[in-house]
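Take a look at the two chains shown here.

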Amino acid sequence: MKKRVGVLALQGAFREHRQVLENLGCDVVEVRKSSDLKGIHGLIIPGGESTTIGKLLMIDEMGERIKDLGMKDLPIFGTCAGMILLSKTIIDSDQYRLNLMDTVVERNAFGRQVASFETDLLVPAMGPHLVRAVFIRAPYLREVAPNVGILSEFEGKIVFARQGNLLASAFHPELTQDLRVHQYFLDMINEHWA
Amino acid sequence: MTDIGSLKVKTGLAEMLKGGVIMDVTTPEQAKIAEEAGACAVMALERVPSDIRAEGGVARMADPSIIEGIMAVVSIPVMAKARIGHFVEARILEALGADYIDESEVLTPADDTYHINKHDFKVPFVCGCRNLGEALRRIGEGAAMIRTKGEPGTGNVVEAVRHMRTVMSEIRALTLMPKEELMTAAKNMGAPYDLVLYVAEHGKLPVVNFAAGGIATPADAALMMQLGVDGIFVGSGIFKSGDPIARAKAIVLATTHYNDPKILAQISKDLGQPMSGIEISTLTESQRMQERGW
């Protein structure tokens, strides 16, 4: 069955996620208000500014609706700002968050924009071929609870992790042609709805 | 292989700013207000465009201590302006750690013939344009993001609208041309041929395009978004208005919900006085900042 995947479209790189999901054969819904969440099989929270997206999530309690869906095991994938919003603890910040993953995230953890980079990342779950990963003012997970699986590290820092139905990357798979990371998330969705 | 400051990470930051509002600020307090209102980035300045316009004289890069003071208090990206062609101001801003440099016509140009070679820098650049040829020349020089010029500091959106409509209709025209016409099109608009080919094939610019220059209300922001821009710069429009906090929040919401007139009606209420604004025809040619740039 064709899967209907929501992409949170409040601010940020939602269009790129939409294109990748459509290339993988999904129906895509841009989520701007709570009613857009109806009937989706999974949700992507894109890169953007986590404080901006957080403010917009507070309107109409849309964030709380997403949190409920996440607690009820809806597959959710956060990239960059999405990783920040999924984490329960954000170092030095009291900004709004979805509070779903047992992770401690540090924002702008590799430095300002002049330190942004792309690199080849080993992600064992994706096979031996390296994943080209784009890090833009990226965060990383400083700590994770034992129930969080680490999918990849870069220079000893956790940049890709999964906790059950929740997936988080510090980098931007939507900015490259490599579809494997989104396919991995789609597999999670297919498993959940099997 | 790890690559710092690649074209991908430069254009990528602009992709992350899409659907957001970048606000001009002159103090750390204003920067906090902007962040609190939901700005996706701030532009650190010594004076906003309407004050530069009013005071006259030569407008230059801001004092580094102003930029550092603003970087110290917000977690969102901090942009700063360098004069057109002033590559040393740009190097200083890069050394300070500014996240984006606006090579801007709002400041007095330092070079009356050439822009900065922006490929030379790790920090990304945004540049203004009035038409497609100008946009593609700037991208050819290395700009990783484009914005309309509009007419800064006027609170009058008409020039930004004109520039956006011009860019969009020129893009549409290229997509309809047979290939043999594209070289002459490139010659006529003074644009690099490879970028003309890209636009003809993809029907869009190769980088993100924001609106700037005269946006003063939530409706202005939504208008520009509906015309096809990726996001909004607001210069004087917020902190020269009666209630900057309410207006900043409303413009952020309007940029997300630009296609929903009911929400726009709701958020346009009770915002106090907008900045007063200037009718463009009252400006002499030398007062028009949009003429700066080559």
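B:Ser241 is buried, with a relative accessible area of 11%; buried means under 20% relative accessible area, exposed over 50%, and partly exposed in between (1.4 Å probe, protein chains only). This is a predicted model: local features need pLDDT of at least 70, side-chain atom pairs count only at pLDDT 80 or more, and totals for chains, interfaces and linings use all residues. Residues are numbered from 1 along each chain as its sequence is written, chains are lettered from A and ligands numbered from 1 in the order in which they are written, and side-chain values use heavy atoms, with hydrogens and water left out.

Q: Which residue has its backbone oxygen 2.7 Å from a polar atom of the side chain of B:Ser241?
A: B:Ser241 sits in the loop between helix H11 (236-239) and helix H12 (244-256) of chain B. Helices (H or I, at least four residues) and strands (E, at least two) are DSSP runs, numbered from the N terminus. The backbone oxygen at 2.7 Å belongs to B:Ile238.

Q: Which residues does B:Ser241 contact, leaving aside its neighbours within four places in sequence?
A: Contact means heavy atoms within 4.5 Å. With those neighbours set aside, the list is B:Arg247, B:Gln273, B:Pro274 and B:Met275.

Q: Why is helix H1 (residues 7-17) of chain B largely enclosed by the rest of the structure?
A: Look at which residues of H1(B) are buried: among them are B:Val9, B:Leu13 and B:Leu17. The helix is largely enclosed because, of its eleven residues, the number buried is nine.

Q: How many residues does each chain give to the contact, and what area do chain A and chain B bury?
A: Chain A gives 38 residues and chain B gives 40 residues. Buried area is the accessible area (1.4 Å probe) that two parts lose on being put together, summed over both. Of the area between chain A and chain B, 53% is on carbon and sulfur atoms, and the total is about 3,000 Å².

Q: How many salt bridges are counted between chain A and chain B?
A: A salt bridge is a side-chain nitrogen of Lys or Arg within 4 Å of a carboxyl oxygen of Asp or Glu. B:Lys18 and A:Glu16 form one, at 2.7 Å, N to O. The count between the chains is six.

Q: Which residue in E1(B) is the bridge partner of A:Glu118?
A: Two strands pair if DSSP finds at least two bridges between them. E7(A) and strand E1 (residues 3-4) of chain B are joined by two bridges and run antiparallel. The partner of A:Glu118 is B:Asp3.

Key
Polar contact = N/O pair within 3.5 Å; in protein donor to acceptor, adjacent residues only side chain to side chain.
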